[in-house]
Protein chains: 2
Amino acid sequence: MSFELSLNTGTTPNLSLAEACEAVATAGLKHIGPWRHLLEQAGGGEAARAIIDEHGLTATTLCRGGFLTATGEQDRAAALESNRAAIREAAAIGTSELIMVVGGLPSAAHLIGGTGEAGDKDVVAARQRVTDGIAELEPYAAEHGVRLVLEPLHPMYAADRAVLSTLGQALDMAAPFSPQTVGVVVDTFHVWWDPQLKEQIVRAGAENRIASYQICDFNLPIATDALKSRGMMGDGYVDFPTISRWVAEAGYTGPVEVEIFNEQINNQDAGTTLETMKARYDELVLPFLKGE
Amino acid sequence: MSFELSLNTGTTPNLSLAEACEAVATAGLKHIGPWRHLLEQAGGGEAARAIIDEHGLTATTLCRGGFLTATGEQDRAAALESNRAAIREAAAIGTSELIMVVGGLPSAAHLIGGTGEAGDKDVVAARQRVTDGIAELEPYAAEHGVRLVLEPLHPMYAADRAVLSTLGQALDMAAPFSPQTVGVVVDTFHVWWDPQLKEQIVRAGAENRIASYQICDFNLPIATDALKSRGMMGDGYVDFPTISRWVAEAGYTGPVEVEIFNEQINNQDAGTTLETMKARYDELVLPFLKGE
């Protein structure tokens, strides 16, 4: 079956992996995209795999690797080691897709709990370190049958979270590598505004790089915690029919993952969230993926 | 003289035009970039010109025309009429540069006090209406010796303020028109994150389109009112030396305007703001414009 819905656990941050799997299965869905800390809480990749299997689900992605922009030798080595662990975990839970949030400027690292260099605002150099990191990790990912999935983040996060801001830039970064080991994710929240979006989705499809289609809306006003400005499909300003058509026309037929960081949605009953997300998906996304 | 500093009055929103001119002259600067409502308060373009002249200043830009994305006939006609008035006002105060903030989605128009259509999230069509509007206004601008200066805004404002998000997109939109009548502004806050920034600044220079260089920093966290996330140069994450070098290498030698919407800066004494802005400019911007 094409275009099956998946719950990214960022949408239900108060649930353990077992609770999230239970909610997903109860809602009649078959897929989940877990975050790494849930695997750790569950006792590691193998234990997590058992929980996911037990509920009859499959993992569509693992969130997340990345944060490859540190300048210090030690920080850099730690980041690579963490990414190797993430690659092993992805393989352990049975997904080939490891989502990569590449990291921001060293000068903004403290904002997300990291260490960096106060004065370092060189975004060009930071991007080069990401490319170097991907090159270093790629053979290890290949050995484990895992694809590094580059995620362009909305430019409002360019300083603190990802110096990778557009799909075109992600494809340029992926270009030297096999599409089997380096792909891209199209996340509507991050890329809806991009004037090159259509042509870059076409390109991503032609280059066999689309590893995941993630959906959620872009809400306004921007939330006090800017990370939580994501909304339920239909509540914000994203044109889901158009983007979904482009993604399907580019040849993508995989699962569609819902990842919403939003104070209100994150704290409501997961069953309610899942029912709303199914309804909105059926109304605003699926018909256009199917070309109806 | 090249690279002379100019105060955009958005930085000192509590001052009248006369007060802003006084503060600028006292600080030893020669240029001001006023917003339209200050002209209106001063009694119109001619009266504003007299005030600017009286202080020995010149106007570097007029802010702002634009908002060309409405769908309704009446809203559209009103927008064009307002832009024609802005063109006359720019000519009246003696600047050739009318900054254009092109407008957002009809579905978000209510957020900035406009009217629109709740369901209309078609960003592709909105961009086409901007292009159509520019085509309609361009002969009138040419008659008045005024250039329509397209301003790409940070993508966080794509829904409510400007469906024009990158310098490359602005240059594509400008391409059918003479560089005498349609230009672009490079505003560091809006474009610093763009992976194509260097090549598009080179292109903008080669196409003689750089009408203004506006500077301010990109602060984090994003302010509660996202519009006010702009910061004093050096307080945020923009790499001013690098971008300033690119702008100068592209052949730009005009004034450099400081436009900062920031709760704290906007409410402090204008003299303090002007002194800080001069010092930061001398440290972080001017030496790199001069290629030192």
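## A tour of the core and the salt bridges

Start by selecting Leu150(A), Trp192(A), Tyr213(A), Leu150(B), Trp192(B), Ile201(B) and Tyr213(B): of the 194 residues in the largest nonpolar core, these touch the most other members. Domain 1 (1–60 + 244–268 + 282–292) and domain 2 (61–209) of chain B both contribute residues, so the core lies between them. A nonpolar core here is a set of buried Ala, Val, Leu, Ile, Met, Phe, Trp, Tyr and Cys residues joined through side-chain atoms within 4.5 Å. Buried means under 20% relative accessible area, exposed over 50%, and partly exposed in between (1.4 Å probe, protein chains only). The domain bounds come from an automatic or database domain assignment.

This is a predicted model, in which local features need pLDDT of at least 70 and side-chain atom pairs count only at pLDDT 80 or more, while totals for chains, interfaces and linings use all residues. Residues are numbered from 1 along each chain as its sequence is written, chains are lettered from A and ligands numbered from 1 in the order in which they are written, and side-chain values use heavy atoms, with hydrogens and water left out.

Next, centre on Tyr213(A). Leaving aside neighbours within four places in sequence, its contacts (heavy atoms within 4.5 Å) include Val186(A), Phe240(A), Tyr252(A), Pro255(A) and Leu289(A).

Now turn to charged pairs. The structure holds 26 salt bridges over all chains, each a side-chain nitrogen of Lys or Arg within 4 Å of a carboxyl oxygen of Asp or Glu.

- Select Glu4(A) and Lys30(A), whose side chains meet in a salt bridge (3.5 Å, N to O). Glu4(A) is in the segment before strand 1 (5–8) of chain A and Lys30(A) in the loop between helix 1 (17–26) and strand 2 (31–33), 26 residues apart. Helices (H or I, at least four residues) and strands (E, at least two) are DSSP runs, numbered from the N terminus. Glu4(A) is buried at 18% relative accessible area, whereas Lys30(A) is partly exposed at 45%.
- Select Arg36(A) and Glu89(A), a salt bridge at 2.9 Å, N to O. Arg36(A) sits in helix 2 (residues 36–42) and Glu89(A) in helix 4 (residues 73–93) of chain A, 53 residues apart. Arg36(A) is buried, at 19%.
- Select Asp235(A) and Arg280(A), with closest N and O atoms 2.9 Å apart. Asp235(A) lies in the loop between strand 10 (230–231) and helix 9 (240–249) of chain A and Arg280(A) in helix 11 (residues 270–289), so the pair ties together parts 45 residues apart in sequence.

Finish at Asp172(A), Arg203(A) and Glu207(A), which are linked in a network of salt bridges.
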